[in-house]
Amino acid sequence: MRVKTCLGVAALALVAVVHAQEMSEAEAIAERIKPVGSLHMAGEDGQQAAASGGGGARSGETVYNNACVACHGAGVLNAPKLQVAADWQPRIDERGMDMLLQNAINGYNAMPPKGTCGDCSDDEIQAAIDYMVKGI
Ligand code: HEC
């Protein structure tokens, strides 16, 4: 009886592992960061706390830290990295800023629509992009 229970638990664990592997990397990441919109991430300078509570538009930096950093911080799946000109310039040259915004809103390959920030306005997405290309 005990052995059976153990086997059952092991089988369940295996199913969970197989299922996780079936999900694409992007799906897995999107799934993992879904509730992140309501999560307060410790900011380096404390500005985010002030920016997130008021109900007005969030700053590009806040949106980025809440929704985009998971992929664009480290360049997951070749996401263009924060303020790295070599990653962004070819995209800007090829498509122009308006198209980048459209792709960010509608999704583009492994880039999920609105970067999973479902309650972000178009302006907030644009602000997050502006923040990511700042200085480029
Ligand atoms: C799940 C990972 C993920 C998240 C979260 C994410 N991105 Fe992306 N993003 C990508 C990937 C991957 C690409 C590159 C897609 C390609 O070129 O094939 C990309 C590309 C982009 C591009 C360039 C599109 C183009 O036309 O070249 C913009 C702009 C962008 N993301 C904005 C954002 C913004 C703004 C957020 C947060 C609100 C965000 N992304 C969140 C993965 C992500």
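Guide: Hi! One definition before we start: a disulfide is a pair of cysteine sulfur atoms within 2.5 Å. Keep in mind too that this is a predicted model.

Visitor: Thanks! So which cysteines form a disulfide here?

Guide: Cys117 and Cys120 do, with their sulfur atoms 2.0 Å apart. That falls within the 2.5 Å cut-off, and the count by this rule comes to one disulfide.

Visitor: And which hand does the link of Cys117 and Cys120 have?

Guide: The link is right-handed, with 75° about the S-S bond.

Visitor: Are Cys117 and Cys120 buried or exposed?

Guide: Both Cys117 and Cys120 are buried.

Visitor: What about Cys68, buried or exposed?

Guide: Cys68 counts as buried because its relative accessibility is 12%, and the cut-off for buried is under 20%.

Visitor: Where do His72 and Met111 lie?

Guide: His72 is in helix H4, residues 60-72, while Met111 sits in the loop between helix H5 (85-106) and helix H6 (122-132). The pair therefore ties together parts that are 39 residues apart in sequence.

Visitor: Nice. And is His72 buried or exposed?

Guide: His72 counts as buried, at 8% relative accessibility. Met111, in contrast, is partly exposed, since its relative accessible area is 23%.

Visitor: Let's zoom out. How many helices and strands are there in the protein?

Guide: Six helices and zero strands. Read from the N terminus, the elements go α-α-α-α-α-α.

Visitor: You mentioned H6. Which of its residues are buried?

Guide: In H6 the buried residues are Glu124, Ile125, Gln126, Ala128, Ile129, Tyr131 and Met132.

Visitor: What covers them?

Guide: The cover over the buried residues of H6 includes H4 and H5. H4 is also the helix that holds His72.

Visitor: How much of the whole protein is buried?

Guide: Of the 136 residues in the protein, 27% are buried.

Visitor: Last one: what share of the contacts join residues at least 24 apart?

Guide: Taking contacts between residues at least 6 apart in sequence, 54% join residues at least 24 apart.

Definitions and conventions:
Residues are numbered from 1 along each chain as its sequence is written. This is a predicted model: local features need pLDDT of at least 70, side-chain atom pairs count only at pLDDT 80 or more; totals for chains, interfaces and linings use all residues. Side-chain values use heavy atoms; hydrogens and water are left out. Helices (H or I, at least four residues) and strands (E, at least two) are DSSP runs, numbered from the N terminus. Buried means under 20% relative accessible area, exposed over 50%, partly exposed in between (1.4 Å probe, protein chains only). Contact means heavy atoms within 4.5 Å.
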